[in-house]
Amino acid sequence: MRQLHDKPVLESNSQQELTTIPGPLVIKNLIENSRSDLFEEAKTEWELVTYIPNDSEEFVENCELCNHRNYIANWLIQNPNTNALLKVGSDCIKRFIQFAGTSSQTDSNVFFENREKEIGKELELKVSYREVIATPLPTFRVANRFKKITLELLENRGQVHLLESPEGRLEIIQTLFKQQNPSKKEQDHFQWLMSDPSSLPVQKETKKFRQIHYKEGSTLTRRSKVTRSTLSSSKVYQDPSKKYD
Ligand SMILES: [Zn+2]
């Protein structure tokens, strides 16, 4: 057999600045927690468990593969052969983990990036739950976006049918929006939003409302008007999931 390269070559994708050649620490940490003693095999043994945001008690500051600092979140991965769990950064996953069941690093990264986008949408729903469901009046724009993302995620999971019963809707509120004890009123609002949005009390987005809205929702009230309107009109502010694109 002819050997073209001693080392794996860089992937010719958007991550050209990040090497896919693992350092000694990454190799040691991965092999110690895997069944295989070969890095290229060990990296294919892992499964994605969950996302751990930095405000969680489970969050660790340093990636357990490369020891670099994680700022926003960790991803929990598990090796079913050894039951080992590692909390790692997304860069390490895209370079050094080819998830079990995927056919290549590229395939694995597509799977991972879809999961990242989905998580971004889940976070957006969790954040806007209060505004849309718990204490209406939301605006039409915010309520419609909430409904659209909810439907999108339910379709991805094959769970649209849960909308049909009170028990199903409660399950959605608890699992998708992460609200353990929603009031009767919140459950009613959710039902109205999903079935008959015109019955949900919404706030007309008048100029006066916008001013009040930003004043309550922003810590930048004392800053200049320009700063505030720049922030509120930025894509990321309106749509946190864009950060994952
Ligand atoms: Zn890392």
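Me: What pLDDT does the protein average, and what share of the residues score at least 70?
Reply: Over residues 1–16 the pLDDT is below 50. It is also below 50 over residues 211–245. Where pLDDT is low, the predicted coordinates should not be read in detail. The protein averages 80, with 76% of the residues at 70 or above.

Me: At which residue does α4 bend?
Reply: Helix α4 covers residues 105–134, 30 residues in total. From first C-alpha to last it reaches 42 Å, close to the 44 Å expected. Even so, α4 has a bend of about 55°, and the residue is S128.

Me: Is N67 buried or exposed, or partly exposed?
Reply: N67 sits in the loop between β1 (47–53) and β2 (73–78). Its phi is positive, about 70°, although N67 is not a glycine. Most residues other than glycine have a negative phi. Relative accessibility is 45%, between the 20% and 50% cut-offs, so N67 counts as partly exposed.

Me: What is the phi of K178?
Reply: K178 lies in the loop between α6 (166–175) and α7 (184–195). At 44% relative accessibility, K178 is partly exposed. Its phi is positive in a residue other than glycine, near 60°.

Notes:
Residues are numbered from 1 along each chain as its sequence is written. This is a predicted model: local features need pLDDT of at least 70, side-chain atom pairs count only at pLDDT 80 or more; totals for chains, interfaces and linings use all residues. Side-chain values use heavy atoms; hydrogens and water are left out. Helices (H or I, at least four residues) and strands (E, at least two) are DSSP runs, numbered from the N terminus. The expected span of a helix is 1.5 Å times one less than its number of residues. The bend at a residue is the angle between axes fitted to the seven residues ending there and the seven starting there. pLDDT is the predictor's confidence in each residue, from 0 to 100. Contact means heavy atoms within 4.5 Å. Buried means under 20% relative accessible area, exposed over 50%, partly exposed in between (1.4 Å probe, protein chains only).
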